[in-house]
Amino acid sequence: MKSRSFSLKPFPSAGLLPDLKITGSVERQSNSLSISYSLSGLLEELILPVPAEMPLRKNRLWEETCFEFFLGVKSFEHYWEFNLSPAGHWNVYRFMSYRQGMQEEPAFTSLPFGVRIQPETLRLILELDPDRIIPPGRVLQVGISAVIKTIHGDITYWALTHPGPQPDFHRRDSFIVELRGGRLNPGNI
């Protein structure tokens, strides 16, 4: 599987948008899913959480600067939301259908990822095993997004696409990247 590059777009708003660019790549190879984000621009105009000595599983990370992605299985309603804070904190939620049945996903007890901050660039890289939650061989539908908070208290919403009148990363029509895995074993059907 080749790496798929992406560039996130801000949700159109009445306020001023920070001068930023959010790009990255996502790739699936057998039992590995890799995603990387690169946030570049005037980082001094953003509120970036301070790196934690001991990153924890935390709720409501989307209220601050946070990188997110969503995984769904093609032709199924359920999906997962992954939240990654530049501080190192994280969470994974499982949903039964659109915004219904939200629960922390117990298959993940840690989600180590790397964050590197330079004067004008923040990079975040995560690699995980999607087979912990999704049977091998299933086609994944991925939505990629970010919430960015400025020093003025404004929150901006970035995604691959914004199909609705409000920012809503949970909409399945925003899960526009499809990733195929290895062969589907008859026992996994």
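## Burial and exposure

A residue is called buried when its relative accessible area is under 20%, exposed when it is over 50%, and partly exposed in between. In this predicted model, valine 26 has a relative accessible area of 1%, and it is therefore buried.

Which residues is serine 174 in contact with, leaving aside its neighbours within four places in sequence? They are Val142, Gly143, Thr161, Pro163, Asp168 and Phe169.

## A patch of negative charge

On the surface, a patch of negative charge is formed by Asp19, Glu44, Glu45 and Glu120. One of these residues, glutamate 44, is located in the loop between β4 (32-41) and β5 (66-73), and with a relative accessible area of 52% glutamate 44 is classed as exposed.

## Salt bridges

Side chains of opposite charge can pair when their charged atoms come close. Across the whole structure, eight salt bridges are found, among them the one joining the side chains of arginine 60 and glutamate 63, with an N to O distance of 2.6 Å. Arginine 60 is partly exposed at 49% relative accessibility, and glutamate 63 is likewise partly exposed, at 34%.

A further salt bridge, at 3.5 Å from N to O, brings together the side chains of glutamate 64 and lysine 149. This pair links distant parts of the chain, since glutamate 64 is in the loop between β4 and β5 while lysine 149 is in strand β11 (residues 140-149), 85 residues apart.

## A salt-bridge network

Glutamate 178 and lysine 74 form a salt bridge in which the closest N and O atoms are 3.4 Å apart. Because glutamate 178 lies in strand β13 and lysine 74 in the loop between β5 and β6 (79-84), the pair ties together parts that are 104 residues apart in sequence. Both are partly exposed, glutamate 178 at 28% relative accessibility and lysine 74 at 36%. Lys74 and Glu178 are linked with Arg180 in a network of salt bridges.

Methods: Residues numbered from 1 in each chain as written. Predicted model: local features only at pLDDT ≥ 70, side-chain atom pairs only at ≥ 80, totals over all residues. Heavy atoms only, no water. Patch = residues over 30% accessible without salt bridge, like charges linked within 9 Å, V, L, I, M, F, W, Y side chains within 5 Å. Areas by Shrake-Rupley, 256 points an atom, 1.4 Å probe, with all protein chains shown as cover. Salt bridge = Lys/Arg side-chain N within 4 Å of Asp/Glu carboxyl O. Lys, Arg positive; Asp, Glu negative; His and termini not counted. Charge placed at Lys NZ, Arg CZ, Asp CG, Glu CD. Helix = DSSP H or I, 4+ residues; strand = E, 2+ residues; numbered from the N terminus. Buried < 20%, exposed > 50% of the residue type's maximum accessible area, 1.4 Å probe, protein only. Contact = heavy atoms within 4.5 Å.
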